[in-house]
Structures are given as C-alpha cells and as structure tokens.
There are 2 protein chains.
Amino acid sequence: MKLADKGENYLLKRLRSRFGRKSPGLILGVGDDAAVVAPSAGHMLLTSDLMAEGVHFDLRWTTPYQLGFKLVSVNVSDIYAMGGKPEFMLIAFSAPGDFTLDEFEDFFDGVSKASVLYGVTLVGGDISSSGSLNLSATVTGYSEGKPLLRSGARPGDFIYVTGHPGDSACGLELLKKMKRPIPDRKREVSGMRPIFRDSLRIMRRHVMPVAVKPDRFIGHATAMMDISDGLMMDLSRLCLQSGAGARIYTDKLPLSKELITASAYLGKDPVDLALAGGEDYELLFTSASKKIAGATPVGEIIRSGFHIIDKDGAERIMRGKGYQHFAS
Amino acid sequence: MKLADKGENYLLKRLRSRFGRKSPGLILGVGDDAAVVAPSAGHMLLTSDLMAEGVHFDLRWTTPYQLGFKLVSVNVSDIYAMGGKPEFMLIAFSAPGDFTLDEFEDFFDGVSKASVLYGVTLVGGDISSSGSLNLSATVTGYSEGKPLLRSGARPGDFIYVTGHPGDSACGLELLKKMKRPIPDRKREVSGMRPIFRDSLRIMRRHVMPVAVKPDRFIGHATAMMDISDGLMMDLSRLCLQSGAGARIYTDKLPLSKELITASAYLGKDPVDLALAGGEDYELLFTSASKKIAGATPVGEIIRSGFHIIDKDGAERIMRGKGYQHFAS
C-alpha cells in the first residue's frame, strides 16, 4: 500500500489518532490550522533542523524508523545545547507518492519512540508529496535559568566534549560499505561480518543518535553547543561567537575502541574522524572547572588562533575541517 | 555565483546580518543552537507549512522573491485562521548547489518583505543542500482571547468567505499557459497579451498571496479556518470537526471579474474553480450574524450532509472536490 493510494486526509487522520494524546501544556494538538499550547515558564527556545534525502541520509542503509527517531534527536540536541528542556514539536514531512504506508507508519513509530524518550509532544506540522524524502522539524523548549550560549567562552576555560566524537562519521563509513541498515533483531547479527558486528554501536550512533542531556554541566559551563558538523568546525564557530581562540590536544580526544578498530579497517585516521567527522550530536562546552564528571577535557580556550597539538607536541594540519553545506 | 561556490558559513553570516535586528520579545535570534524568545501573553499558537518544488511551485513561472513572500504568507494565514497574531518564525531552506546566490538573496528579500508586512520576526532555522528546492517554515503566534477553532460551527450559522475564492487556482492555470513569471515592472506589462495583462491580479494572488487579518471577524465567528485546499475540501473539514453539515449556494459565491473572464478563456467553469481550486488563503468562517462587513455569506451550517445548490435550485455534483496530497 503506497501513500498515493491513501491520500492526505487518511494520513492526517492516522496522525491525529496517534498523536492526539493529552499532554501537560497542550491545549489543542494536531488537527486545526495551528496548535494551541501553554509553554512552561522561563526563557523560550525555538529551533528547526531539516534532513534531506541524498544529503543527510541514504535509504539504502537507513530505515524510516531510524529517520523518525533521528529527526527528533537532532532537534532536541539543539535545545539541550542551550541548557534547555524540549517541550513541543512540529514536523514537516514530504515524500514521493511511492513511499509506502508501512514506511510512513515506521517513520512515525521512530518519532513516537524518541518523543517519549525526550518528553516532547508532537502538536502539528504538515505533510505533502514531493520528489524526494524531505523532513524538517521544529522543537520548542525552555530553560529555567539563563540559556547557555556559544558566546560565553573565556581564555583559560577548559574545552569539554561528551561521548566519543568521530563515532558517527566512522559508523557512516561502515554503513556505506555494508550497504544495508543495521539489523533490528539479535539473531540477524550472528550472520554479519565481524568488523560490522563489532561496530554496531557506532553505526547505531550514526542512524539513531541519542541527544545528550546537559543537566549536570549547566552549573559549570560558560558556553555550550552540540557537535553536528564536526568538532573542529563547531568549535571554530563557538570561538568566533566568543571572540576567542582554542588549543586542542589530539591525545586527549576520547576515541572509542570501535572507532580505533573500524578506522584501521577503513584505512582512515581516527583522529581526523574525531576532529572533522559530523553528526556526533555530543555536547561541546567550556568551563573554568578542571574536572567535570561525564565529559572529557580536550583543550583550552586561548585569546586567539586555532591550534591542534599532536601527541609529540607538533602542530597538526587538518585535511578537512568539518562539514558545511554547499561547500565545494 | 552559485551557493556551492560560497558555503554554508557564508550564507549563515549573510542571514545573521540581514535578520539580526532587535525586535520586541526577541532575546537571541539567528546564530546559536536555538533562538531565545519571550512570547506575548495569551494562548500560544504553533504552525508549520512546507512548499516542495514540483508540487507547490514551478520555478518556470515563480520567482524566488515570490516564493519567500508566499512561504511567510501561508504560515501566517494559519495563525490568522485561529484569530491570532503572528510573532516569531523559523525557516528550513534546502536547495540544489546550483541555486544562485542572487536567487538565495531574492528568496530572503521576499521573506523580509512579508515579515515586515505581518510583523513577524525571523529568529532561526536551517539551511542545507538538497536535490530540489524544499522550503518549510514554522510561525508562532498568540491570541489574546480564545482561539477560533474549526469545531465551533453550529446548525443555523451562516458560512462566510473573504475575498474571491478560485482566483488563485485560475491564476495558476494562466501562469501555466504564460510559462513565465508575472513581470515586476510596469513597462514589461505593456507587451503582454491582453488576457494575461487583465488577469495580473489573480496571477499575483497565486504567487504572492496576502494572508487575511481576522480582527474584524473575531467577535462574530463561531469557527474559522483558512482556505488552502479549496473551499469544498476545507469546508468539509470544518464540518467534520464541528460534527455538522453544510449547504452552499453557488450563485452567492463572490466570483471576481477576472475569474469569470479568464475561466471563459481557459474553457473552465468559474464555479468549479471557486469551489475546488486550492491556495486561496482566504478565510472561511461561520457566524450567527446575518451580515458581516468584509466577508460574503455563501451558505449555512445544517445538521448533516453536504449540499451544493445551483442557481436553478438543483443540487450540483462536484467533479473534483479540492486538493489533497497523495490522492490519486
């Protein structure tokens, strides 16, 4: 059964029945011209992120369920990166007419799974046919205290990252070789080649990233953002907004075991992947504190300039600095 | 100069300099992970609408400037349709790498023009490369009183429309024949064929619709929505939500002079265009009042059933009931 066989009215009805639940602060959800909400007190946060087929994802190795989950995660990640809590969400969904009804339902299963995880409520959006699969979402949120901006870093602050930068980019390279989605079931894993089976966690980090809650860093951080276009690219943006520079030590980067193994298999430099690989959706923040549980210090903020120091103390030259759209 | 020659960082910088202005309620706009705003008191409204190339528009007869203007209008129209005032906006913009920098600037000129007209502030969004031009926006708004829902219509209420339904659909049919955008300058109009020159207003209604302010109807209306998928389709949705039926009199439809002339040229029935043509972005509302300045009564709400009464009193059979995505 394809979407072209059902029509928009049927799909809207399905969404109303799936996402019509009551939720705190929601006065009127999916089904009218606009949603009516009563947002929580505090500073209100607004963010939109889009995912375009052929640019952000490839359906050969990404399932609609994973896409739905990831669309929510990447938007929630922006709210978390401000030190906020996500609250309401709208989704603009456009797909070719031969997208199946099952795929449509799977996509919204993934949206639903992530919505419950983050405590965010789908309140509206738009659905349309289009030439390729194009997804965007808007998430609102709030921060009880002052939001954490990119502009607050000061010389002498330490630079922290959560998780393992590079995992997502390395996971993507593996998916391109595997040429199919990671299996949903345990028993399918047993037939996989060892290099893929042992790298499941980093492939999952690419297709179903889980956004990182900022709560335990809020009291410490002076500036914060999420890493979506690569640690170097995003750190350079944070430095630009803060009017400062940075020094990063490559031997301090928290490289994962899977990243080291898989990058050897791929013939890639794991440090390059950690510095320039995109879509980590980890948090990057600065703080005057020398040690913070749950995050790794990788360098420090300086007055100006941008230095990557190798393990032997030499300055490293980056081949690619990270991802930017439209860059040739 | 193409977008692929400039890169995302340059484009973001351009947007920050264009839309970085101070505005009431805006604490932090374009440039961080999320915008920080202080929305006005009242019920908060949230809406998202998308426009996909090849489905919602054709660049052969639509300019980027018109697209930018229309994207804002269709979203503001949803806020107006709730009896609200628009406030903040996010735009998710994705385009092929060969989209030019001039086209990009023209698009945001149109966004800017409409933003000033409606008093809405662009506070964030996302830009990306993609296979085709895909645009979506989210607009927030507020209503001081109770929002006007689709569900408030009661048997005995009169059905009102603003403006001239069908103009936009007829304008689109003319644009498909003219195969180029309507001219921006007066002197270019003189060389046009008379049928196109005399229909400029309805072609403009299609490519640059102006959303209709609800202010003078708010005290009267029991239910309200905007007409985006055709009067019949949208009225049937309003009736469904209100648990009621409707009777429409075709001789009461406010057909414009241009619609009558152009539909004769096109060999189309002007009443069909007014009933089933999409993208009017006029307001459709119900009221117990028999006469309301600025809107035309076209029928009444009844207990159940859906009747279109012709000028000779016979029931009219509709060939196409309006637009729905994915409908075959």
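Visitor: How many helices and strands are there in chain A?

Guide: Chain A has 11 helices and 12 strands. Keep in mind that this is a predicted model.

Visitor: What share of chain A counts as buried?

Guide: Burial here is a neighbour count: 20 or more other C-beta atoms within 10 Å. By that test, 55% of the 328 residues of chain A are buried.

Visitor: And the contacts in chain A: what part comes from residues 24 or more positions apart?

Guide: Take the contacts with a separation of 6 or more. Residues 24 or more positions apart supply 87% of them.

Visitor: Now the interface. How many residues of chain A are in contact with chain B?

Guide: On chain A, 63 residues touch 63 residues of chain B. Strand 3 (residues 43-52) of chain A gives the most to that side, nine residues. By class, the chain A side holds 30 nonpolar, 22 polar and 11 charged residues.

Visitor: Which strand of chain B is joined to strand 2 of chain A?

Guide: Look for bridges, and for direction. Strand 2 (residues 35-37) of chain A runs antiparallel to strand 3 (residues 43-52) of chain B, with three bridges between them. In one bridge, A:V36 has B:L45 as its partner.

Technical notes
Residues are numbered from 1 along each chain as its sequence is written. Chains are lettered from A and ligands numbered from 1 in the order in which they are written. This is a predicted model: local features need pLDDT of at least 70, side-chain atom pairs count only at pLDDT 80 or more; totals for chains, interfaces and linings use all residues. Two residues are in contact if their C-beta atoms, placed from the backbone, lie within 7 Å. Helices (H or I, at least four residues) and strands (E, at least two) are DSSP runs, numbered from the N terminus. Ala, Val, Leu, Ile, Met, Phe, Trp, Tyr, Cys and Pro count as nonpolar, Asp, Glu, Lys and Arg as charged, and the others, Gly among them, as polar. Two strands pair if DSSP finds at least two bridges between them. A residue is buried if 20 or more other C-beta atoms lie within 10 Å of its own, exposed if 12 or fewer, and partly exposed in between; C-beta atoms are placed from the backbone.
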